[in-house]
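Please look at the sequence and the model before reading on.

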Amino acid sequence: MAAPESGDGNNGAARMVTLISSDNTRFEVEAAAASLSQTLQLTILDGGGGGGDGIPLPNVDSATLSKVLEYCIKHAPAAANGGAPNATAVDRAELERFDNEFVNIDQSVLYSLIMAAHNLEIEGLQSLVAKKVADMIKGKSPMEIRRTLGFPDPTPEEQAEMNAHMLEYGWAYE
Amino acid sequence: MEERTAVADRLSELPDCILENILSRVTTRQACRTSVLSRRWRHVWRAVPSRCIDIDQSEFQASPPSALKKLKRRRSKEENREVERFMDSADHVTTLHASSSPLDAFRLRVNTECALIGAAQRWISRGITRRPVSFTLHCDRRYLCHNDPLQFSFSRYSRSSGTSAVLSRLRTLHLYQVVVKEDMGCFITDELPVLEDLQLVWCYHRFDRLASASLKNLVVDNGNVGFSEGATMVLAVPRVASLRISNSMRPVTSEGEMPLVVAASLTHRACVLGLLESVRGAISLDLLEVSARALPFLQGVKDPVLPNLRTLHLYYDCDVGVLRHFLQNAQKLERLTVRFAPGSSRTKNNRMSKSKQKTSSDHQHGTKAYECKNVKSVGLEFDEDRDVSELNDALDDISRERVLPIESSTTLRNRKSAMNGGAPCSPLKAWAMAHKGKVNSEVDYNPEDPPESYTNATVHNHLSQ
């Protein structure tokens, strides 16, 4: 893939594609950004998504898709340079800052995002959201994990099952 | 409450592969704990240790002991219990699945209390026999010394010792604060055919030659670990695309070109031997504490050394002479950042201001305006009391014809200000802006600001011209 010129100017004719969310909202976005999705990349390489056609995404609603595209647009230049390791320290720091803020969102949005990233095969976004959820689990006791993730307090029956499990896997709880 | 439950349900509805992906990012012990969340979760975690083992001793430390505390007293009974519990847990985790299933990742983080050494070797051995794709060993320790008991070596897994090629799948090898045995260099060359990502961070290593035909990403970062031992380290890594050599006390040189390097981050020592000449294709370059003296081959070179360079970051007291060289020769340069070390203006090591004597013969002020046709942004970061007059001179020498277009896209980031907090201004204004704010406060340039906004009112006059 040719590296698109960053920023303005000399190649104003960056190829655009149209994506259509499950609730029929149309999103026009640069092909380079949409191609962060392995799924879309194939369609785009085949010439899809241009003109008035648009690529329907029946599994992704517009709120989630706009969030996904926000990620793709930000990460597209680094990806064009051959991926994150090639970015400089400053670029990496900026992307990191963006990523941290990007996943600072409601859990339900987070879960929609990870599903969308999975369906669209956007590796970086999948990792980012998975890491965010993992961070909510890290270093916590079972009860703390339950509360953080919004699970209701266990019923007596569930509590008994929990206790049995904790006995069996003592090494994970001590 | 119901709303919260609905959120938990949404998480639980995700397919197993996504949940397993999430759980492969926490320690195995922590993954196991999720089995108490609900019936749905009871068995999700079980698939994780068949692909990923993650053990972290710091989970067992009630509170991370401060360095002072560590020095002062021996291990308490409480700490002994912590260590015992950790060892028991790690033994369980490493034997959860028989050696049959190959691992994606093996990660171990320990501190190197003597009692653990044998155990750590045991866990590592169990991990490696499961042919991991990614291997991470992280040691937390007070001191790093060459006769450290936990010396790391793969030699017992070499093919010549009779074991099957357990490391033939290894693509990622990250070692932190590890004493690496000398035979590691040969091992990397001979027995890791698909190694792509090698990071040696704060490691003690003495091998003289690092050769790999498959390596794409190489990081050798010695942090502040000051080992002066060892001769020149020779790199023979022709396929590397991303190279970072930081704070290496040993000189580093390259055997042949590294034509695929896109991004390089190098220090003074690394440059002395012309490592820069081996990365001619670099698009982005970080240089840290590089003096013009370190780049003797730059003098009198007619062809640009790095013809593709688009992004240049100069960190912590690089010579202005270095900056001038790139302003003059890097035709495609688009983005430039100059960042000074915090507080170093008071130290003797003030190269930015001293370099005038060194480089004045080569770069007389104003001899030639730099063309820099593509420069789109210039970022500067320095303490308020820093003398940046020479830097300013250099930036001022950017051709007058070029200043106008740059003016609309140049940014200044004062120390600790937000990444995008800068406002458009010319290099001179950027310099002036640094005289406006306090060192640790955010500063935005606003043309409407009155003279009182500036620490020196004449700066305002300058800006208003």
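This is a predicted model: local features need pLDDT of at least 70, side-chain atom pairs count only at pLDDT 80 or more; totals for chains, interfaces and linings use all residues.

Residues are numbered from 1 along each chain as its sequence is written, chains are lettered from A and ligands numbered from 1 in the order in which they are written, and side-chain values use heavy atoms, with hydrogens and water left out.

**The sheet of chain B**

- In chain B, 12 strands make up an open sheet with parallel pairing, in the order β1-β2-β3-β5-β7-β10-β12-β14-β15-β16-β17-β18.
- Because β1 (52-56) and β18 (377-381) of chain B each have a single partner strand, they stand at the edges, and one side of each has no neighbour in the sheet.
- From one strand to the next, the twist averages 5°.
- Helices (H or I, at least four residues) and strands (E, at least two) are DSSP runs, numbered from the N terminus; two strands pair if DSSP finds at least two bridges between them.
- Strand β5 (residues 172-176) of chain B pairs with strand β7 (residues 197-201) of chain B in the parallel sense over five bridges. Within this pair, B:Leu200 in β7(B) is the bridge partner of B:Leu175.
- Strands of a sheet pair through backbone hydrogen bonds, either parallel or antiparallel.

**An annotated span**

- The UniProt annotation "domain: F-box", from an unreviewed entry, covers residues 8-44 of chain B; such annotations may be inferred rather than shown by experiment.
- The span of residues 8-44 of chain B is 65% helix and 0% strand, and its end C-alpha atoms lie 15 Å apart.

**Cysteines**

- The whole structure contains zero disulfides over all chains, a disulfide being a pair of cysteine sulfur atoms within 2.5 Å.
- For A:Cys72, the nearest cysteine sulfur is that of B:Cys17, 19 Å away.
- A:Cys72 counts as buried because its relative accessibility is 2% (buried means under 20% relative accessible area, exposed over 50%, partly exposed in between, with a 1.4 Å probe and protein chains only).
- B:Cys52 is also buried, at 5%, and the nearest cysteine sulfur, that of B:Cys32, is 14 Å away.

**Positive phi values**

- Most residues other than glycine have a negative phi.
- A:Asn24 has a positive phi, near 65°; this residue is in the loop between β1 (16-20) and β2 (26-30) of chain A, and is exposed at 64%.
- B:Trp202 has a positive phi, near 55°; B:Trp202 lies in the loop between β7 and β8 (204-205) of chain B, and is partly exposed at 34%.

Methods: Axes are lines fitted to C-alpha atoms, for helices over the stretch in contact, and angles run from 0 to 180 degrees between N-to-C directions.
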